[in-house]
Amino acid sequence: MDPDQHSIKQYLQEHQEEMVEMTQRLCSLATENPPGHHFEECVDYLEEIMRARGFATQKVRVPLEYQKKYLPPELWDKPRFNLISRWDTGGSKILHFNSHYDVVPATEGWKTDPFAPVIRGQRLFGRGTSDMKGCLVASIFAAQALRDLKLRPVWNLEFSFTADEEIGGECGAGFLVKNKIVQPDAAIVCEGGAGDSIMIGHRGVLWADIHVHGVPAHGSNPGAGINAFERGIHLAGRFLEYHQRCLERVTQHEMDKPHSRRPSMTLGGVSGGGSKVNTIPGWFHFTIDRRLIPEERVASVIREFQAILREAKRQDKTLKAEMKILTGFDAALTDPDSSLCRAACQAVRAVTGKIPNPRIFGAFTDLHFFTNQARCPTIGYGVEGNGIHGHQEYLVIPSLVKTARVYAEIARTLP
Ligand SMILES: [Zn+2]
C-alpha cells in the first residue's frame, strides 16, 4: 500500500463514527417516495454539509411544468429538489458522483423504527441505509479525506444528490443530465456494485400499459356487450407466448446473475377494469414490464409489441385496444477498457484485496442517464448491505470506510 493510500485509510477509519452518525441523521429525514416527503429539508441539510466542508453548492428546484410532464397529478404539489456540489481542483475534466436521497416507503414488518436507524453488531438497520444514504455519505467523506490530506485530484469533483430514483429519476438525475446542468466526463453512480463487484451497465427497459375497450351490458346477457376483460386476457396470452420466444435470446455480455442474461417480462404489475360483478366489463388494462438485454433496442421491442396488437386485431375484428408507452430506454453500457473502469478495478483490488468483477446488472438505476444521455463512462458502486426495499434493510458499517476508500482511490488515480 502506498503512503497516500495508507493515510486515506487511516483518516476514514478515524471518521467511521461520524459517517455512521451522518447516515443516521440523513435516514431520520423520511424521504419516502412516492409521494416525496421531506425533500427540501433533506437537500437543505446536504447543502449545509457540503458548505461546511468548503464545497460550492447549487440547489436546483425542478420547474413545476417539467414535473407535470413526468409525474402523476397526485405528486404535483410535492416540489422536487436536487443539490449539486463542486470541488474545483483546477482540472480540465469532471468526475461526477451521483446519489439519490429518496427512499421507497417503509413497508410493514419493521421491528425497529425504520427512520431511526439502529446499530446491531456490524450492521446499521433502517430505511435508506444501503439504498442509498450510506453510499452518499461515503462519497462525501472520500472528498473530505482527499481535501484534508491535501491529495488534490487531477479531475474536478462534482456531486449530485438527486430526487426520484425510486420512481424513474426523470426529475432527479434525468433532469440534471438532460438539461445539461451537469456535464461530467466520467461518473460514479454510488449504488449497484459493492464489495468486489462493479456495475458497468444494466439492462434496458420498456414499460407499457395496454388498454382494452369493451361495451358494457347487463351481466345476464353477455352477448349484448363486448367483454373487455376476456379480450384483455386473450391479448395477455399472446404476450406470454411472445415472452417464451424472447427467452431464446441470450446476451453475450457478462451479467450479474444467470437470469439477467435473457430478456424478461412481467405482465399485470398493475391491472384491472370493469365496474360491477353483474356488468360486462367495458374496459380492462394491464401493464407490461419488459427488460431488454444489451443487444436489444427499445424501438424494435416497441415494434414487436405493436405487431402483437396488430395480429390480435386482425384475428378478432371486435378487439379495440391501444398501447401507451410509460417509459423506455436501451441498456446502459460502459466500456470496461475506459480509464474510469480501469481506475475502479485497481481501486477495488487495492481496497478489498479481491479480483474485481465488472458486470452488467439485471435491474436498472439512474446509471443509464449518464451513459445514454451524458454519454460518459459510468460505473455503479456503493456500500455493502442487504434487504433494500424490504423491512430489514441494513448496511454493513465497515463498508462505509471501504467504499469511501474506493471512491477516493478512483478520484486520486484517474489520469
Ligand atoms: Zn437506490
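The expected span is 1.5 Å times one less than the number of residues; helices (H or I, at least four residues) and strands (E, at least two) are DSSP runs numbered from the N terminus. The model is predicted: local features need pLDDT of at least 70 and side-chain atom pairs pLDDT 80 or more, whereas totals for chains, interfaces and linings use all residues. Residues are numbered from 1 along each chain as its sequence is written, and side-chain values use heavy atoms, without hydrogens and water.

Leu340, Cys341, Ala343, Ala344, Ala347, Val348 and Val351 are the buried residues of helix 9 (under 20% relative accessible area, 1.4 Å probe, protein chains only). They cover an arc of only 160° around the axis, which puts them on the same side of helix 9; the arc is taken from the directions from the helix axis to the C-beta atoms. Their packing partners, with heavy atoms within 4.5 Å, include the following elements.

| Element | Residues |
|---|---|
| Strand 3 | 94-100 |
| Strand 7 | 186-193 |
| Strand 8 | 197-202 |
| Strand 15 | 378-381 |
| Helix 11 | 398-413 |

Just after helix 9, glycine 353 takes a positive phi of about 75°.

An automatic or database domain assignment gives domain 1 (3-202 + 331-413) and domain 2 (204-329). Between them, 12 residues of domain 1 contact 12 residues of domain 2.

Definitions and conventions. Buried < 20%, exposed > 50% of the residue type's maximum accessible area, 1.4 Å probe, protein only.
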